[in-house]
Amino acid sequence: MRELRQPHRQGPPAGVPAGHAVHDVQAEAGAPLTDGGRRRTGVLLAVAAAVLAADQLTKILAVALLDPGRAVPVIGEVVQFRLIRNPGAAFSLATNMTPVLTVVAIVVVLVIVAVSRRVAHRGWAVALGAVLGGALGTVTDRVFRMPGAFRGHVVDFVELPNWPVFNLADSAIVTGAILVAVLSVRGVPHDGVRRGSASREEAAAA
């Protein structure tokens, strides 16, 4: 007797059903066949908003409560608060290139915003969100702080031994960049589609 196959108890896979026009377009483009990309975009923007808010709040408090140049011990001499105005890049680099650095930060923001719609992996969303929030924090200082638009000096106030004074935006950018490097080395795609696996599946199907 022929054995009858039982229907798959887990039901059809999540996402757009096969045969649907959107499904076919996504499959041809190599895009994820679920709505995960939309959810991850929300994660990216939420991380960016949290970083931006925390960065600006801590800078407002630093300007209001700290005297410029005077060190305030937080954890002995390991962590101190010292308020400075930085015309350069992160960690007080390239101090004579303020307008150029402002343009670079704006370009970074625009690129990440453009890519954000295709991010379908949570790790990439967190990493790019951290970089985006940090870049927005820097752009905000460059545009709105003295001595003028696109020439504004960034507020730095966290000091460690043998390390330039920095702020929360700097930390977010560096942390996000490290996460991006780790994900790239591990071969994790930002859009959730592993190109090598897809090619092997197509070859096996053929």
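1. F81 has a bridge partner in strand 3, namely V158, and F81 of strand 2 also stands opposite V72. Strands here are DSSP runs of E with at least two residues, helices are DSSP runs of H or I with at least four residues, and both are numbered from the N terminus. The model is predicted, so that local features need pLDDT of at least 70 and side-chain atom pairs count only at pLDDT 80 or more, while totals for chains, interfaces and linings use all residues. Residues are numbered from 1 along each chain as its sequence is written, and side-chain values use heavy atoms, with hydrogens and water left out.

2. The sheet to which these pairs belong is open and has 3 strands in the order 1-2-3, with antiparallel pairing (two strands pair if DSSP finds at least two bridges between them). Strand 1 (72-75) and strand 3 (154-159) are the edge strands, each pairing on one side only, and from one strand to the next the twist averages 35°.

3. Strand 1 and strand 2 run antiparallel and are joined by 3 bridges, and P73 stands opposite Q80 of strand 2. Their hairpin has 3 residues between the strands, and within this hairpin G76 takes a positive phi near 60°. Strand 2 (residues 79-86) pairs with strand 3 in the antiparallel sense over 5 bridges, and N86 has V154 of strand 3 as its bridge partner.

4. For context, most residues other than glycine have a negative phi, and most peptide bonds are trans.

5. Next come the helix contacts. Two packed helices are described by the angle between their axes and the distance between the axes. The axes of helix 4 (residues 122-144) and helix 5 (residues 168-185) come within 8 Å and cross at roughly 150°, where axes are lines fitted to C-alpha atoms, for helices over the stretch in contact, and angles run from 0 to 180 degrees between N-to-C directions. Helix 4 and helix 5 are therefore roughly antiparallel to each other (the term applies to angles over 145 degrees). Helix 4 passes helix 5 in a left-handed crossing, a term used if the near helix is turned anticlockwise from the far one by less than a right angle.

6. Among the residues of helix 4 that meet helix 5 are G123, W124, G134 and T138, and the helix 5 side includes A169, G176, L183 and S184 (contact means heavy atoms within 4.5 Å). By class, this contact of helix 4 with helix 5 has 14 nonpolar, 5 polar and no charged residues, with Ala, Val, Leu, Ile, Met, Phe, Trp, Tyr, Cys and Pro counted as nonpolar, Asp, Glu, Lys and Arg as charged, and the others, Gly among them, as polar.

7. The axes of helix 3 (residues 98-116) and helix 4 come within 9 Å and cross at roughly 145°, and helix 3 passes helix 4 in a left-handed crossing. Residues of helix 3 including T98, T102 and V115 meet a set in helix 4 that includes L128, V139 and R142. The residues of this contact of helix 3 with helix 4 divide into 14 nonpolar, 2 polar and 1 charged.

8. In an unreviewed entry, UniProt lists residues 43-66, 97-116, 123-144 and 164-185 as "transmembrane region"; UniProt positions are given in the numbering used here, feature names are shortened, and annotations may be inferred rather than shown by experiment. Over residues 97-116 the chain is 95% helix and 0% strand, with the end C-alpha atoms 28 Å apart, and over residues 164-185 the chain is 82% helix and 0% strand, with the end C-alpha atoms 29 Å apart.

Terms used
Parallel < 35°, antiparallel > 145°, perpendicular 65-115°, else oblique.
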